[in-house]
Amino acid sequence: MVRRRIAEEPSSQLALWARRLAVFSIPVMLLAILIVRSDRLEAVPALSTIAASLFLAVAAVILSVAALVVIWIDGVDGLGQALTAILIGVLMLAYPAYLTVKAYRLPAINDITTDPIDPPRFEVIAKLRQRDANPVTYAGLRTAELQREAYRDIEPLQLSNPPQEAFDAAYAVITRRKWRIVDARPPQARRDGLIEAVARSPIMGFRDDVVVRIRSGQDGVRIDARSASRYGHHDFGDNASRIRNLLEDIDDFAGSDAAKKLTAKAAKNQQTPATKNAHTPVRR
């Protein structure tokens, strides 16, 4: 008799639907990631899918909280389902909540450069961007002021290496990062070296555009970099972090034994790996 009563104990429909919504939000989020990484669709469809996934996660948490109230008052079954929905919902919403905190603390800019006065220009990448993407033209003085207040350490990299050697170091670092290089032009007597590449955000795989400029000077070379988000008004500090790490790696590589070996090999072959790719932009 006791077993029959336990088996017939009613279950909370709110808890059941809360768990269903929470579980369904997972493949919706995975679908958004697949849309971005497939390279067939741009960010707009993915952002809509992400929004749908987060809406399902929020709805699941709200329903599960309501289910807990019903379970407490009426004594019905469904505690495990409600707690499962809350756990999944919280995990789904944790990273967006983290980004929200970063958005509150950091300025709403999406284009970072080491030279706001004369920023490196996107040329090949400008042709790759969709019409609904952010403009490739640098935003100007206001963005430069916001950048200076938030990221005072973003400055050009000064090297005593020869221009070609600095170019090879930058090319090698970008290659190691597995960014898609779309244009590479070695420095010449009256022309700056330039590397344009497409980087991916680590989780969602959104495309951000990077350009590195190698300019000769009296005391060596100056390397400027620019990183810009294709979509969105806020980059959550990703572009500044990308430039900071990129220039640090170039600085380390330029003074390493690997750079010396690369230079020696280039001199022996009369052509560097980077030079082989010059003037041959890779298009989608």
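**Close-up 1. Buried residues of helix H2 in the predicted model.** In H2, the buried residues are Ala15, Leu16, Ala18, Ala22, Ser25, Val28, Met29, Ala32, Ile35 and Val36. The helix has 25 residues. From first C-alpha to last, H2 reaches 37 Å, close to the 36 Å expected at 1.5 Å a residue.

**Close-up 2. The start of H2.** Here Ser12 and Leu14 come together through a side chain and the backbone. A side-chain oxygen of Ser12 lies within 3.4 Å of the backbone nitrogen of Leu14.

**Close-up 3. The largest pocket.** Its volume is about 1,100 Å³. The lining has 41 residues, and those closest to the pocket centre are Tyr95, Leu99, Ser201, Met204 and Phe206. Two or more lining residues come from each of helix H2 (13-37), helix H3 (43-74), helix H4 (79-105), strand E5 (207-217) and helix H8 (238-254). H4 gives the most, with 7 residues. By type, the lining of the largest pocket divides into 22 nonpolar, 9 polar and 10 charged residues.

Close-up 4. Neighbours within four places in sequence aside, Val173 is in contact with Leu246, Asp249, Ile250 and Phe253. Leu247 is 74 residues away from Val173 along the chain. The C-alpha atoms of Val173 and Leu247 are separated by 9.3 Å.

Key: Residues numbered from 1 in each chain as written. Predicted model: local features only at pLDDT ≥ 70, side-chain atom pairs only at ≥ 80, totals over all residues. Heavy atoms only, no water. Contact = heavy atoms within 4.5 Å. 1 Å grid on protein atoms, 1.4 Å probe; cavity = no way out; pocket = protein on both sides within 12 Å on 5 of 7 lines; lining within 4 Å. Points joined across faces, edges and corners; volume = space filled by probe spheres on them. Helix = DSSP H or I, 4+ residues; strand = E, 2+ residues; numbered from the N terminus. Nonpolar A, V, L, I, M, F, W, Y, C, P; charged D, E, K, R; others polar. Expected span 1.5 Å × (residues − 1). Buried < 20%, exposed > 50% of the residue type's maximum accessible area, 1.4 Å probe, protein only. Polar contact = N/O pair within 3.5 Å; in protein donor to acceptor, adjacent residues only side chain to side chain.
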